[in-house]
Structures are given as C-alpha cells and as structure tokens.
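Work through the exercises below with the sequence and the coordinates open. Each task is followed by a solution in steps.

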Amino acid sequence: MMKIAIDAMGGDLGPPPLVSGAAMAYRSLGVLPVLVGNRPDLEKTIATLGLKDIPFTIADASDTILMSDGATDVRRRKESSIWVATSLLKDGAVEAVISAGHSGASMATALFVLGRIKGIDRPAIATILPHRKGAFVLLDAGANVDCKPHHLLQFARMGHEYARMALNIDKPRVALLSNGEEDGKGNELVRETAELMRTTGFPFAGNIEGRELFEGGADVVVTDGFVGNVVLKTAEGLADSLMTMVREAVLSSPLARVGGLLIRPALSRMKKRIDYAEYGGAPLLGVNGPFFICHGKSSDLAIFNAFRVAKSVASGDLVSRLSKIQESL
C-alpha cells in the first residue's frame, strides 16, 4: 500500500477533518495514511472519532506552524509537523505529502527540504477548476505574486503535463489569461510571455479572457500567482453565493418550494460539480516530490480527495515526467 503523509495539525479546523479524511482514504483508496503531529492530540482525535480500527501511523512532531507565524519560520523549527512530514517524503518513507496548514510555510518547507526540479526557477500551485464542459488547470494559483515571462513559460510546460495526467487529455490547450483574446492584448508580462511561447514552439493556444474560463475555452490557463489567486478565490466565493441565492429563491414561497423539490436532484449534481472539496489538493509543481496544498477550511471530503489526487500523481510519476521535460529542453 502507498504511504501518504498529512500534516495533521495544520488547517483552520484542527485535526478532526484531516484525520477523518485520511480514514476515508484508507477505506476507499487503499492508501496508508501517516498522520504527522502531536501524538497525544492525534490519539485523542482518533479515539473521539471512533477510528481505532484504522491502522494509522503517527509520526510525532512537537511543534506546529500557526497561521499567525511567518512563512520562513519553518527553517528554524524543524520539529514542526509540516517539516517532519516533508522530511519523510525526502527520505523515501512516504510517497506524497498533504498540507492544509499555513500555505506560505508549506511552500517554504517544500523548497527547503525537497528542492526544485532542475531547470525550474519557481514552483507553481496548479489547481483544477470546473467549467461547463469539464474542468481546467489554473496555475499559478498563489505561489508567485511577481513573475517574468520565462516563469510563465515554465508554468505552461508543467501545467500541460499535469493536465495530460489529471484531466486525461492527450493534447491540452494552453492559454494565457488576459484582458482580451487578440494578439497584443494584455499587460507587458502577458505580451512578452505570448511572444516567448510562440518563438519556443510551445503548443500555445493564445490568450483567454476571464469570461471564457468557465465556458471551456482552454484546458490549462496560465497566469501569475497574484491574478491566479484572485481568480481562484473569486470562483470559490461566486460558487458559494450562487448556491445561497438559489437556496433562498427556492425557499421564497410555497410554490417555489414545490419547484425546488422537483429540481433538487439537478441542484445536488450542480453543487457537487462546483464544490472545491470534490477536486482535492493542488500540487506544488516544480518541487522534487509530490507535495499538495489544500484549502485551510478543508472538510473530510476535501482531504479524502486530496489523498485521491496525491495517489494518482505519485502513481503516475509526475515529478519524473516534469524532470524529463526540463532535461529535453
């Protein structure tokens, strides 16, 4: 069975959803979860949740990086749960790491402990979002606020390979997020990146506007981490607000309630399609190991799906595939 470590002390909701999601992964995916954190706290959580039948491995860590801590604090806090979890991956004791904790500290730890793939200047967070016809990969979703054209080209190459694996698309369409689809649109970064992609022979599909993202206009959408994170959080907020507005409309009158009962199955399917918890964790592409970052408020379902994606990426040897692409350039 594949062993996957999770920083069981990270996350806004504490250990319970992380431990529960790990148990779901053991039962449904056939992976062995390694819980990293304070042993007494984790043993108490396991008992409270009634999960003593799950053969968890606990890797004791005496320290936890809090949301109020600095991202680079991890460098001097090597007993923290995220550092211990990542060191297990570095040493080959596990095949992937999942973190729902401090995202900045998680990324810093991945860089310090695992290092970058040779030829990659900056790793990028690649998140999967739904569109009307399926799903697409968005990167960078928050790792790099300021980027140069060659960084975005590297993101594009990594996103292209990840989409082939995660979305099962042989030839993903890769586009640059811009304020217009025409050549020459966008800021200096977008224009220079587009020209670089064309001159290097990368299979570039051109620019894509924000309104086309969820219409299925591209399989991989590339942007800097500032814009990407705004897109991600806007999409999450809009999805939540839309479902709330639909719910309020359905409950607005007796007749609307009757109609709500009739469309309830369709609404449930829609909710599942736009729920971030269904898409699992986002890989930090470009580091030397399968490392996944999750939403701080991840539910047990989100953690389960993070294990699912982690197992798929580790089994598909994505890191080696990205390394070979860089070596071939």
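K185 is partly exposed, with 37% relative accessible area. The model in which this residue sits is a predicted one.

**Exercise 1. Determine which residue pairs with K185 in a salt bridge, and classify the partner by accessibility.**

Solution. 
Step 1. The partner of K185 is E182, and the closest N and O atoms of the pair are 3.6 Å apart.
Step 2. This distance passes the test, because a salt bridge requires a side-chain nitrogen of Lys or Arg within 4 Å of a carboxyl oxygen of Asp or Glu.
Step 3. E182 has a relative accessible area of 42%, so E182 is partly exposed.
Step 4. As background, side chains of opposite charge can pair when their charged atoms come close.

**Exercise 2. Trace the network of salt bridges that share partners and includes E161.**

Solution. 
Step 1. Start from E161, which forms a salt bridge with R164 at a closest N and O distance of 3.4 Å. Both residues belong to helix α5 (residues 149–166) and are three residues apart, about one turn of the helix.
Step 2. E161 also forms a salt bridge with R321, where the closest N and O atoms are 2.8 Å apart.
Step 3. R164 in turn forms a salt bridge with D170, with 3.9 Å between the closest N and O atoms.
Step 4. Shared partners therefore join E161, R164, D170 and R321 into one network.
Step 5. E161 is buried at 7% relative accessibility, R164 is partly exposed at 33%, and D170 is exposed at 57%.
Step 6. For scale, the whole structure contains 13 salt bridges.

**Exercise 3. Describe the contact between domain 1 and domain 2, and state how many salt bridges are counted between them.**

Solution. 
Step 1. Take the bounds from the domain assignment: domain 1 covers 1–120 + 286–328, and domain 2 covers 127–275.
Step 2. The C-alpha centres of the two domains are 25 Å apart.
Step 3. On the domain 1 side 15 residues are in contact, and on the domain 2 side 10 residues.
Step 4. About 1000 Å² is buried between domain 1 and domain 2, and carbon and sulfur atoms give 68% of this area.
Step 5. The count of salt bridges between domain 1 and domain 2 is one. To identify the pair, compare the bounds of domain 1 and domain 2 with the partners E161 and R321.

**Exercise 4. Is L51 buried or exposed, and which residues does L51 touch?**

Solution. 
Step 1. Locate L51 in the loop between α2 (39–48) and β3 (57–60).
Step 2. The relative accessible area of L51 is 6%, so L51 is buried.
Step 3. Leaving out residues up to four places away in sequence, L51 touches V19, S20, A23, R27, I46 and F56.

**Exercise 5. Repeat the analysis for T193: is it buried or exposed, and what is it in contact with?**

Solution. 
Step 1. T193 is part of helix α6 (residues 188–199).
Step 2. The relative accessible area of T193 is 0%, and the cut-off for buried is under 20%, so T193 is buried.
Step 3. Apart from neighbours within four places in sequence, the contacts of T193 are P149, L152, L153 and L176.

**Exercise 6. Characterise the nonpolar surface patch that contains I263.**

Solution. 
Step 1. The patch consists of L255, V258, L262 and I263, which together have about 440 Å² of accessible area.
Step 2. I263 belongs to helix α8 (residues 254–274).
Step 3. I263 has 40% relative accessibility and therefore counts as partly exposed.
Step 4. Membership in a patch requires over 30% relative accessible area, and the value for I263 is 40%.

**Exercise 7. Examine the backbone at D140, N168 and D317.**

Solution. 
Step 1. Recall the reference: most residues other than glycine have a negative phi, and most peptide bonds are trans.
Step 2. The peptide bond from L139 to D140 is cis, with omega near 10 degrees. D140 lies in the loop between β7 (134–139) and α5.
Step 3. N168, not a glycine, has a positive phi of about 55 degrees. N168 lies in the loop between α5 and β8 (174–177) and is exposed at 69% relative accessibility.
Step 4. D317 has a positive phi near 55 degrees. D317 lies in the loop between α9 (300–315) and α10 (318–328) and is partly exposed at 41%.

Key:
Residues are numbered from 1 along each chain as its sequence is written. This is a predicted model: local features need pLDDT of at least 70, side-chain atom pairs count only at pLDDT 80 or more; totals for chains, interfaces and linings use all residues. Side-chain values use heavy atoms; hydrogens and water are left out. Patches are made of residues with over 30% relative accessible area and no salt bridge: like charges are joined within 9 Å, nonpolar side chains (Val, Leu, Ile, Met, Phe, Trp, Tyr) within 5 Å. Accessible areas come from the Shrake-Rupley method with a 1.4 Å probe; for residues, only the protein chains shown count as cover. Helices (H or I, at least four residues) and strands (E, at least two) are DSSP runs, numbered from the N terminus. Buried means under 20% relative accessible area, exposed over 50%, partly exposed in between (1.4 Å probe, protein chains only). Domain bounds come from an automatic or database domain assignment. Contact means heavy atoms within 4.5 Å. Buried area is the accessible area (1.4 Å probe) that two parts lose on being put together, summed over both.
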